[in-house]
Amino acid sequence: MSTAPIQSKVRVIQAQPYELAFEPASTALLIIDMQRDFIEPGGFGAMLGNDVSLLRRAIEPIGALLSAFREAGLLVLHTREGHRPDLSDAPPSKLARGRGETKIGDVGPMGRILIRGEAGHDIIPELYPLAGEPVIDKPGKGSFCQTDLELILKNRGIKTLIVCGVTTEVCVHTTVREANDRGFECLVPADCAASYFPDFHETALRMIAAQGGIFGWVSDSASVIAALS
Ligand code: TIU
């Protein structure tokens, strides 16, 4: 039996609004929607009129964090936004939103847009999940809505989430809010999230850490990696 004091398991990440204390064994990396549909030309993000190249800046920092979590043997989860081929899980309001010429389910250069099983729906090769890493398919922006994410996290004893991915103010923010209300402590490394609107990215991060950390903590990949090593 170990004689190490329980305190020795606790680590600290330098963050805003103050340092986050965590235990590696109860901490998971949650990578949100790093899918070709959002990051590569011809997908959902482009269909909405966005410059998808703006999201690429998060790939390398997320990759570094992913390597650190894998090396430490910690839980890594990935999410994907998308729908069944018959669109039966897509709210009509979501399908109609934007009044664009191209819609969810239409055929694009990476297959049907935002549809499970299509090339565009898949995670980008740079951050591809390893066998055994849970992949959560979600129909909405939040990762807890109509998914088994909370069950998986609770069964693994997870208390702290390092949340990365795209976009900062949409799926990352919605997920952080959902997780916070479920009692998880969330930290977003600023360089591991990205938005089609850089000012929204900055403001979304400020919203998380404001008011004493109303939804969680904001830090960066180097600080998380330093705390793990
Ligand atoms: N449009 C946009 O900024 N985001 C999304 O539609 N989904 C995610 O953020 N994943």
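Predicted model: local features only at pLDDT ≥ 70, side-chain atom pairs only at ≥ 80, totals over all residues.
View 1. T167 uses its side chain instead, with a polar atom 2.9 Å from an oxygen atom of the ligand. On its own the ligand exposes 290 Å², and the protein buries 92% of that (areas by the Shrake-Rupley method with a 1.4 Å probe).

Local features need pLDDT of at least 70 and side-chain atom pairs count only at pLDDT 80 or more, while totals for chains, interfaces and linings use all residues. Numbering runs from 1 along each chain as its sequence is written, and side-chain values use heavy atoms, with hydrogens and water left out.

**View 2. The shell around the ligand.** Around the ligand you'll find D33, F38, F44, L48, E81, K141, V166, T167, V170, C171 and Y196, where being near takes a heavy atom within 4 Å. Sorted by class, that's seven nonpolar, one polar and three charged residues. For the sorting, Ala, Val, Leu, Ile, Met, Phe, Trp, Tyr, Cys and Pro are nonpolar, Asp, Glu, Lys and Arg are charged, and the others, Gly among them, are polar.

**View 3. The largest pocket is the space taken by the ligand.** A pocket is an open set of points on a 1 Å grid over the protein atoms alone, where a 1.4 Å probe fits, with protein on both sides within 12 Å along at least five of seven lines; lining residues have an atom within 4 Å of a point. To sit in one, a molecule needs more than half of its atoms within 2 Å of its grid points. The volume comes to about 480 Å³, counted as the space filled by probe spheres set on the points. Of its 24 lining residues, F44, L48, E81, R97 and K141 are the closest to the centre. At least two lining residues come from each of α2 (44-47), α4 (92-96) and α6 (168-181); helices are DSSP runs (H or I) of at least four residues, strands (E) of at least two.

**View 4. Cis peptide bonds.** V166 and T167 are joined by a cis peptide bond, omega about -15°. T167 belongs to the loop between β8 (160-166) and α6.

Conventions: Polar contact = N/O pair within 3.5 Å; in protein donor to acceptor, adjacent residues only side chain to side chain.
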